[in-house]
Amino acid sequence: MDLTARYANLHVSNHPVMAHKLSLLRDRSTEPKKFRELVRELSWLLGYEAMADLTTQPITVETPLEPTGGAELEPKVGLIPVLRAGLGMVDAMLELMPSAEVWHIGLYRDERTLKPVEYYNKLPDAATVQVCLILDPMLATGGSSAATVDILKQWGAARIKQVSLIAAPEGIATLSAAHPDVDIHVGAVDRALNERGYIVPGLGDAGDRQFGTFAGPASEPGHSMGDEAAEVVRRLQRNLSS
Ligand code: PRP
Ligand code: URA
């Protein structure tokens with residue numbers, strides 16, 4: 001689904017390697033070990049694209065032959081993995097930017113209300129970085145992402161980017177409406193949310209698939225959770241089409 005004409009802040013990768021690896025990630029037979037490897041590889045590719053507009057400052061480098069002009073990244077960058085699923089994206093991003101600071105935010109999504117619940121935040125009083133990259137493989141309703149942006153703006157982050165492997169149109173709409181200044185970098189935009197707020201076709205539960213925490217049929221993404229979650233999804237879908 002191409003939503004880039006509608007949302008100026010949305011950046012969808014069109015790299016063939018991204019498409020190839022995302023297909024392997026989606027496959028239900030991909031085991032946690034392979035799943036984690038793919039999350040890492042995809043994060044590297046997406047991180048590379050998300051950092052394309054970071055500013056640099058000129059430096060001089062001494063090659064073995066002579067001095068030459070070079071560049072170094074200018075802003076201090078913070079990586080903000082959203083626990084749990086965002087953890088799998090950190091190492092690849094640190095490979096790209098070894099000097100980045102990593103600040104964890106703990107949020108889980110209440111599966112009945114689909115609202116984010118904060119449980120971990122050790123940010124110091126004032127922002128220590130200029131650019132924050134929120135790392136979370138899934139942008140579904142957008143509730144977790146919008147809440148994380150709220151936290152980071154209150155902290156004083158000057159620039160914020162959301163980096164997600166897969167997004168739903170509903171989540172892009174929610175995040176863009178709440179925070180139009182936040183760039184959204186994704187590997188793919190999927191069709192919709194199901195009545196439990198899972199992205200379809202999606203990949204299921206990104207946290208469970210990384211960490212092997214499968215709790216049985218009642219917790220599976222296709223299992224009905226009752227009216228409240230379904231009503232939230234219907235409201236988001238009405239907003240999207242209005
Ligand atoms: C998942 C995912 C996001 C959130 C996305 O986390 O990693 O943080 O859901 O959903 P939203 O856009 O509707 O808010 P989850 O709540 O499953 O927690 P976990 O990472 O600990 O499994
Ligand atoms: N969280 C996930 O892990 N997957 C989804 O599809 C939605 C939220």
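Select Leu114 to begin: in the hairpin of strand 6 and strand 7, with 6 residues between the strands, Leu114 takes a positive phi near 65 degrees. (Strands are DSSP runs of E, at least two residues, and helices are runs of H or I, at least four, numbered from the N terminus.) This is a predicted model: local features need pLDDT of at least 70, side-chain atom pairs count only at pLDDT 80 or more, and totals for chains, interfaces and linings use all residues. Residues are numbered from 1 along each chain as its sequence is written, chains are lettered from A and ligands numbered from 1 in the order written, and side-chain values use heavy atoms, without hydrogens and water.

Next, show strand 7 (residues 116-121). It runs antiparallel to strand 6, joined by 5 bridges. (Strands pair if DSSP finds at least two bridges between them.) Find Tyr108; Val117 in strand 7 stands opposite.

Val82 has Ile105 of strand 6 as its bridge partner.

Move to ligand 1. Which residues are closest? Among the 15 residues that surround ligand 1, they are Arg84, Arg109, Asp136, Thr141 and Ser144. (Near means a heavy atom within 4 Å.)

Zoom in on the polar contacts (N or O pairs within 3.5 Å):

- Ser144: a side-chain N or O atom is 2.5 Å from a ligand 1 oxygen.
- Arg109: a backbone N or O atom is 2.8 Å from a ligand 1 oxygen.
- Gly142: a backbone N or O atom is 2.9 Å from a ligand 1 oxygen.

Finally, color strand 6 (105-109), strand 9 (138-139) and helix 4 (143-155): these elements each give two or more residues to the shell around ligand 1.

How values were computed. Polar contact = N/O pair within 3.5 Å; in protein donor to acceptor, adjacent residues only side chain to side chain.
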